[in-house]
Amino acid sequence: MDNPIVGIIMGSDSDLPVMSAAADFLTELNVPYEVTVVSAHRTPMRMIDYAQAAKERGIKVIIAGAGGAAHLPGMVASLTTLPVIGVPILSSNSIDGWDSILSILQMPNGIPVATVALNGAKNAGILAARIVGANDDSVSYKLKAYQQSMKAAVLEKAKKVENQYSA
Ligand code: RP5
């Protein structure tokens with residue numbers, strides 16, 4: 001994608017089935033992004049290079065997903081001033097997901113990572129779009145339309161449930 005403004009990174013290609021939900025949402029909203037694998041433990045220098053160069057390359061927000069000893073989001077956040085959204089992943093090396101969640105959530109003061117739910121990559125994509133939309137009316141307009149479509153879907157379901165129980 002030309003001129004990406006959201007960087008989606010993950011510790012392994014095995015994270016992609018979860019992380020693709022962030023990419024799918026950004027595609028829906030026409031927000032340009034890039035996707036790659038950056039491992040904090042297996043490619044530490046690549047992680048440093050990616051995080052330090054991201055802002056200069058025009059990236060506005062980074063979504064970082066990892067499982068198990070999930071150090072990628074926090075370490076990337078320590079290497080950039082860009083907002084970092086962390087996606088804890090229930091991976092093959094995760095005990096039950098809490099290891100991934102706590103590794104990403106429990107950051108020390110000064111280095112925030114906006115942590116979404118376990119496998120919550122869609123919300124990471126939405127949050128990234130909201131950050132971009134703070135300074136881009138075309139994106140915030142699409143976010144508004146997305147919210148209205150959710151409202152319409154819930155009202156439709158409510159009507160169905162009510163009809164099922166009406167006399
Ligand atoms: C983490 O280890 C990755 O983010 C992934 O969730 C997990 C397993 O990686 P693979 O062994 O499948 O490459 O660093």
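Helix α6 has three buried residues to start from: Val-139, Leu-143 and Tyr-146. Here, buried means under 20% relative accessible area, exposed means over 50%, and partly exposed lies in between, with a 1.4 Å probe and protein chains only. Helices (H or I, at least four residues) and strands (E, at least two) are DSSP runs, numbered from the N terminus.

Before going further, a word on the model. It is predicted, so local features need pLDDT of at least 70 and side-chain atom pairs count only at pLDDT 80 or more, while totals for chains, interfaces and linings use all residues. Residues are numbered from 1 along each chain as its sequence is written, and side-chain values use heavy atoms, with hydrogens and water left out.

The buried residues of α6 pack against α1 and α5, where a contact means heavy atoms within 4.5 Å. Helix α6 has 29 residues, and its first and last C-alpha atoms are 42 Å apart, close to the 42 Å expected at 1.5 Å a residue. The expected span is 1.5 Å times one less than the number of residues.

Helix α5 covers residues 121-133, and its 13 residues should span 18 Å at 1.5 Å a residue; the 18 Å between its end C-alpha atoms agrees with this. What are the buried residues of α5? They are Ala-121, Ala-124, Gly-125, Ile-126, Ala-128, Ala-129, Val-132 and Gly-133. These buried residues pack against β1 (6-10), α1 (16-28), β3 (61-67), β4 (84-89) and α6 (137-165).

**The sheet**

Strands of a sheet pair through backbone hydrogen bonds, either parallel or antiparallel. In this model, an open sheet of 5 strands runs in the order β2-β1-β3-β4-β5, with parallel pairing. Its edge strands, each pairing on one side only, are β2 (33-37) and β5 (114-115). Two strands count as paired if DSSP finds at least two bridges between them.

| Strand pair | Sense | Bridges |
|---|---|---|
| β1 and β3 | parallel | 5 bridges |
| β3 and β4 | parallel | 6 bridges |
| β4 and β5 | parallel | 2 bridges |

Individual bridges can be picked out in the structure above. Gly-7 has Ile-62 in β3 as its bridge partner. Gly-67 is partnered by Ile-89 in β4, and Ile-85 by Ala-114 in β5.

How many of the residues of β3 are buried? The count is 7 of 7, so to speak a mostly covered strand. In a regular strand the side chains alternate between the two faces of the sheet. Both faces of β3 are covered, with Val-61, Ile-63, Gly-65 and Gly-67 buried on one side and Ile-62, Ala-64 and Ala-66 buried on the other.

**The ligand site**

Which residues are around the ligand? They are Gly-11, Ser-12, Ser-14, Asp-15, Arg-42, Ala-66, Gly-67, Ser-91 and Asn-93, a residue being counted if one of its heavy atoms lies within 4 Å of the molecule. Gly-67 and Ala-66 are also among the buried residues of β3.

In Ser-12, a side-chain N or O atom is 2.6 Å from an oxygen atom of the ligand. For Asp-15, the distance from a side-chain N or O atom to a ligand oxygen is 2.6 Å. A polar side-chain atom of Asn-93 lies 3.5 Å from an oxygen atom of the ligand. Taken alone, the ligand exposes 360 Å², and the protein buries 79% of that; these areas come from the Shrake-Rupley method with a 1.4 Å probe.

Most residues other than glycine have a negative phi. Asn-3, in the segment before β1, has a positive phi near 45 degrees. Asn-3 is exposed, at a relative accessible area of 66%. Asn-30 sits in the loop between α1 and β2 and has a positive phi of about 65 degrees. With 61% relative accessibility, Asn-30 is exposed too.

**The chain as a whole**

The protein chain has 6 helices and 5 strands, which follow the pattern β-α-β-α-β-α-β-α-β-α-α along the sequence. Its C-alpha atoms fill a box of roughly 65 × 40 × 30 Å along the principal axes. Of the 167 residues, 43% are buried. Among contacts with a separation of 6 or more, 67% are between residues 24 or more positions apart. The accessible surface is about 9,500 Å², and carbon and sulfur atoms account for 56% of it.

Terms used
Polar contact = N/O pair within 3.5 Å; in protein donor to acceptor, adjacent residues only side chain to side chain.
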